[in-house]
Amino acid sequence: MRKHAALLLIMAVILLLSSCSAETSGRVSAGISNTDNATSSAVIQEPSSKGDLGLQGETGESQDSLPEDLTSSGGNFVKYGSLAAFLPYQGGIAIADLDNGVYSHISDQASSTLYFDGSNVYYVSDNGIFRVGSDGQSLMLSEDITYSAWLEHDKIYYIKQTDFSTDEPSGELWCMNTDGTNAVAILPTEIKGDFFIRNGWVYYTDTADTGIYKIMLFGNAPVQLAQGQLQICLVTDYAVYYNELTGRQALRRVDLKTGANVFFGDYGSVLENGDIIYVLARRERSWGLDNLFSLACFNDKDMEITYPVMFENIGEDQFCYYWSDYAYFKKSNGETYRINIGDSGQIKESVSPYSTVFVDGKGYYMEGHSLMVYDCESAQLSAIKQKKQ
C-alpha cells in the first residue's frame with residue numbers, strides 16, 4: 001500500500017512540473033507596438049552576439065542558405081537556377097550562363113522589366129506583352145498594355161492598364177497562358193499599384209479606398225486586411241507587410257491567420273530570405289535620435305524577433321540586402337556599400353554601383369559589355385563575358 005501511494009505521489013509531481021513548463025513556454029512578450037484590437041505574437045530575444053543571429057529557416061537551413069531568386073515579380077536581372085535574363089549595357093535582352101561565365105544577346109527589344117522561366121523571357125512594352133526564346137524568336141502574346149505583371153508557372157497575370165495619364169498600374173487584373181491563349185479578367189474590381197500572388201490568393205490595393213485586400217484566384221469575395229492609404233511591400237506564407245503612405249510611412253505586418261497587426265517603425269523596409277525576415281526601421285522618434293534605425297530579424301512563422309544592431313548615420317540610404325552578417329545599402333549618390341553588423345564603428349565599405357542586383361550571395365551589375373559578379377562571401381569580383389558569335 002505504501003509503495004502504491006508513493007508511486008502516485010511521484011506521478012502527481014511529474015504532472016505538476018510538466019504543466020508549469022508548458023505554461024512558461026507558452027508565454028509571449030508584446031515587445032513592439034500594435035494597433036487597437038490586435039494582439040502581438042512577437043517574442044523579443046536578445047541575440048547571442050552581434051555577429052551571429054542564430055536564425056533557422058523552416059527547413060532547418062541557416063540564414064545564409066538562401067533559395068533561388070523568385071522570378072514571379074520580374075526585374076532587370078532575373079535568375080533562374082544557373083541561368084539569368086538581364087538587360088545588357090548595349091540594350092535589348094540577354095541570357096547568361098552563370099556557371100560557364102558567358103552570356104548571349106538574344107533580342108534588341110527594349111524593356112524595363114523582364115520575367116524568366118528558364119526557357120523563355122517575357123517582357124512588356126508600349127505595344128503589348130511579348131515572349132522571346134533563347135533562339136531570339138519573338139512572339140506577341142497580347143496587345144494589352146500593362147505596367148505590372150506576375151509570372152506564375154504557366155500563367156501570366158497582369159493589370160490591364162485603363163488610366164494612361166499615370167505610370168502607376170491601375171485597371172482590371174487579367175490572366176492568360178504563357179503562349180497568349182485564354183486571356184480572361186479574373187477580379188470583380190479594379191486594382192491599383194503592384195499586386196502579389198501567393199498560394200492561390202491575390203493580394204492587392206483597391207482603387208476605391210486604397211485598402212489592402214486578398215481574394216482567391218478567380219474568386220468573387222475579397223477580404224479586407226488593412227485600411228488607409230497603403231502600399232504592399234511583401235507577401236509571405238504567413239503575413240502581408242505594408243507601408244502607410246501618409247505621415248512617417250510606418251511599416252506594418254498583418255498576420256494572415258490571426259489578423260494581428262504589428263508596427264515595426266517609421267520609414268521601414270523589409271526583405272525576405274527563405275523563412276527569415278529582415279526589417280530595418282526607425283522604431284522611436286525623439287530629439288537627436290531621428291537617424292537611428294534598428295535591424296529586426298525573425299522567422300516569419302513564429303515571430304521570435306531579435307534586434308542585433310542599431311544603425312547610425314544611414315540617412316535615406318536604401319536597405320537592399322543581407323548576407324553573412326553584412327547589411328547592404330544603396331546610396332543616392334550611385335553606390336552600394338555594406339556594413340558588418342558586428343563592427344561597432346559601422347564602417348561603410350563601398351562594394352559596387354547603385355544598379356547592383358543581389359541574389360544568392362552575389363551581386364550583379366553591368367560594366368561596359370561585361371556582367372560583373374560580386375561575391376558577398378569573398379568580396380571578390382569576376383566577369384561574365386558576351387559569347388563570341
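This text goes through the nonpolar cores of a predicted model and then one of its pockets.

In soluble globular proteins, nonpolar side chains tend to be buried together. The largest nonpolar core of this model holds 26 residues. Those with the most contacts inside this core are Leu173, Leu187, Phe195, Val202, Tyr203, Tyr204 and Val240.

Leaving aside residues up to four places away in sequence, Val240 touches Tyr203, Ile212, Leu225, Ile232, Leu234, Val235, Arg252, Arg253, Val254 and Leu256.

The next topic is empty space. Rolling a probe the size of a water molecule over the atoms shows where such space is left. The second largest pocket contains about 290 Å³ of space. It is lined by 13 residues, and the closest to its centre are Tyr267, Phe293, Gly315, Glu316 and Asp317. Which elements supply at least two residues of this lining? They are β21 (261-273) and β25 (318-323). Of the lining residues, three come from β21, which gives the most. By type, the lining divides into five nonpolar, six polar and two charged residues.

Terms used: Residues are numbered from 1 along each chain as its sequence is written. This is a predicted model: local features need pLDDT of at least 70, side-chain atom pairs count only at pLDDT 80 or more; totals for chains, interfaces and linings use all residues. Side-chain values use heavy atoms; hydrogens and water are left out. A nonpolar core is a set of buried Ala, Val, Leu, Ile, Met, Phe, Trp, Tyr and Cys residues joined through side-chain atoms within 4.5 Å. Buried means under 20% relative accessible area, exposed over 50%, partly exposed in between (1.4 Å probe, protein chains only). Contact means heavy atoms within 4.5 Å. On a 1 Å grid over the protein atoms alone, a cavity is a set of points where a 1.4 Å probe fits but cannot get out, and a pocket is an open set with protein on both sides within 12 Å along at least five of seven lines; lining residues have an atom within 4 Å of a point. Grid points are joined across faces, edges and corners, and a volume is the space filled by probe spheres set on the points. Helices (H or I, at least four residues) and strands (E, at least two) are DSSP runs, numbered from the N terminus. Ala, Val, Leu, Ile, Met, Phe, Trp, Tyr, Cys and Pro count as nonpolar, Asp, Glu, Lys and Arg as charged, and the others, Gly among them, as polar.
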